[in-house]
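Please look first at the sequence and then at the fold as a whole. The paragraphs below are meant to be read with both in view.

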Amino acid sequence: MNKNKRPFLMLCLLFAAMTVMAQTATEWKALKSDVNFFLVNDMGRNGYYDQKPIAELMGRMADEIGPECVVAAGDVHHFEGVASVKDPLWMTNYELIYSHPELMLPWYPILGNHEYRGNTQAVIDYSAVSRRWEMPSRYYTRVLEDDGTSVRLVFIDTTPLIGKYRNESSSYPDACRQDRDRQTQWLDSVLTAAREDWVIVIGHHPVYAETPKDGSERTDMQSTVGTILSRHNVDIYACGHIHNFQHLRPQGSRTDFVVNSSASLSRKVRPTEGTVFCSPEPGFSVIAAGKKELRLHMIDKIGHILHTVTRSK
């Protein structure tokens with residue numbers, strides 16, 4: 001062997017060894033806290049791209065961490081949503097993909113813009129078909145509590161809050177039919193009454209993010225959801241839609257804004273104002289809450305921890 005190539009080969013072997021070590025069950029188990037759950041979104045690709053391996057990874061990690069639930073932050077079904085509760089996409093996008101035994105736990109979904117291209121009521125009604133699909137309405141709240149730690153999850157329906165979708169009634173027929181004011185008043189009232197240790201709001205669209213998508217999406221979200229969040233002690237606003245990982249902390253904000261990557265097909269990203277971290281990798285997030293610390297771990301498709309958002313009391 002050429003002596004000049006030996007150092008390079010040794011570095012490659014060392015990197016390979018570190019990669020394997022970074023995916024051990026012991027490391028995954030160390031992520032666990034009092035209250036644990038997964039965050040996944042933008043995954044509906046009939047198992048293609050990285051959807052199947054990420055779903056399998058979620059199951060293996062769940063075996064170590066023991067999450068209480070999976071939060072599905074929209075676009076479970078690309079591209080035209082579903083037609084009914086009997087649509088075959090329920091099998092090819094969801095049931096047959098997330099079939100690991102450790103993922104047979106409550107799933108708390110919200111609607112994404114792609115669901116709004118189809119029958120949105122069918123997504124809610126699927127709760128009567130699947131034992132693990134728990135979606136009582138378009139927006140709702142849940143409290144997770146264990147070992148003295150409580151987390152309030154507030155699920156919102158962001159597509160009707162954005163003028164772009166309301167104005168495209170032929171493509172998003174249900175968007176303009178929703179009462180924006182009623183939802184924002186509800187959100188404000190829930191956050192006003194929240195007394196849990198941690199408060200996380202989950203929507204499909206970002207309030208702040210780097211994205212090539214129409215800028216009106218973010219300005220509409222900032223004027224509605226962003227204004228409400230600024231009045232309350234919200235720890236994290238988490239969303240999807242952009243298909244990459246982003247952690248942003250706008251100047252003067254008390255809230256960490258998180259974009260969770262696609263669990264199937266990801267896209268490029270670059271830093272913008274307020275960016276703490278960003279990555280084009282596909283994956284999902286693990287959220288772990290204790291009485292004094294809340295952590296959101298961004299996980300890539302092979303189980304590496306790319307970045308951790310930490311909130312402390």
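The model shown here is predicted. The secondary structure of the protein chain consists of eight helices and 13 strands. Computed along the principal axes, its C-alpha atoms occupy a box of roughly 70 × 45 × 40 Å. How does the radius of gyration of the protein chain agree with that of a compact globule, and what are the two values? For 313 residues, a compact globule would have a radius of gyration near 20 Å, and the protein chain has 19 Å, which agrees.

The interior and the surface can be described in turn. Of the 313 residues in the protein chain, 55% are buried. Among contacts between residues at least 6 apart in sequence, 71% join residues at least 24 apart.

Attention may now turn to strand β11, which spans residues 283-289. Are its residues buried or exposed? Seven of its seven residues are buried. In a regular strand, the side chains alternate between the two faces of the sheet. In β11, both faces are covered: Gly283, Ser285, Ile287 and Ala289 are buried on one side, and Phe284, Val286 and Ala288 are buried on the other.

Which strands pair with β11? One of them is β1, residues 35-40, which pairs with β11 in the antiparallel sense over five bridges. Within this pairing, phenylalanine 38 has valine 286 of β11 as its bridge partner. Another is β12, residues 293-300, which runs antiparallel to β11 and is joined to it by seven bridges. Here valine 286 stands opposite histidine 297 of β12. The link from β11 to β12 is a hairpin of three residues.

The pattern continues with β13, residues 305-312, which is antiparallel to β12 and joined to it by seven bridges. In this pair, methionine 298 has histidine 307 of β13 as its bridge partner. β12 and β13 also form a hairpin, with four residues between them. Glycine 303, in the turn, has a positive phi of about 95°.

Cysteine 69 is found in the loop between α3 (51-65) and β2 (70-72). Cysteine 69 counts as buried because its relative accessibility is 0%, and the cut-off for buried is under 20%. Leaving aside residues up to four places away in sequence, cysteine 69 touches Asn36, Phe37, Phe38, Leu105, Pro106, Tyr108 and Leu144.

Aspartate 235 lies in the loop between α8 (215-229) and β7 (236-239). Aspartate 235 also counts as buried, because its relative accessibility is 8%. Its contacts, again without residues up to four places away in sequence, are Asp197, Trp198, Val199, Thr255, Asp256, Leu294 and Arg311. Aspartate 235 and threonine 26 are 209 residues apart in sequence, and their C-alpha atoms are 28 Å apart in space.

How values were computed: Residues are numbered from 1 along each chain as its sequence is written. This is a predicted model: local features need pLDDT of at least 70, side-chain atom pairs count only at pLDDT 80 or more; totals for chains, interfaces and linings use all residues. Side-chain values use heavy atoms; hydrogens and water are left out. Buried means under 20% relative accessible area, exposed over 50%, partly exposed in between (1.4 Å probe, protein chains only). Helices (H or I, at least four residues) and strands (E, at least two) are DSSP runs, numbered from the N terminus. Two strands pair if DSSP finds at least two bridges between them. The radius of gyration is taken over C-alpha atoms; the globule rule is 2.2 Å times the number of residues to the power 0.38. Contact means heavy atoms within 4.5 Å.
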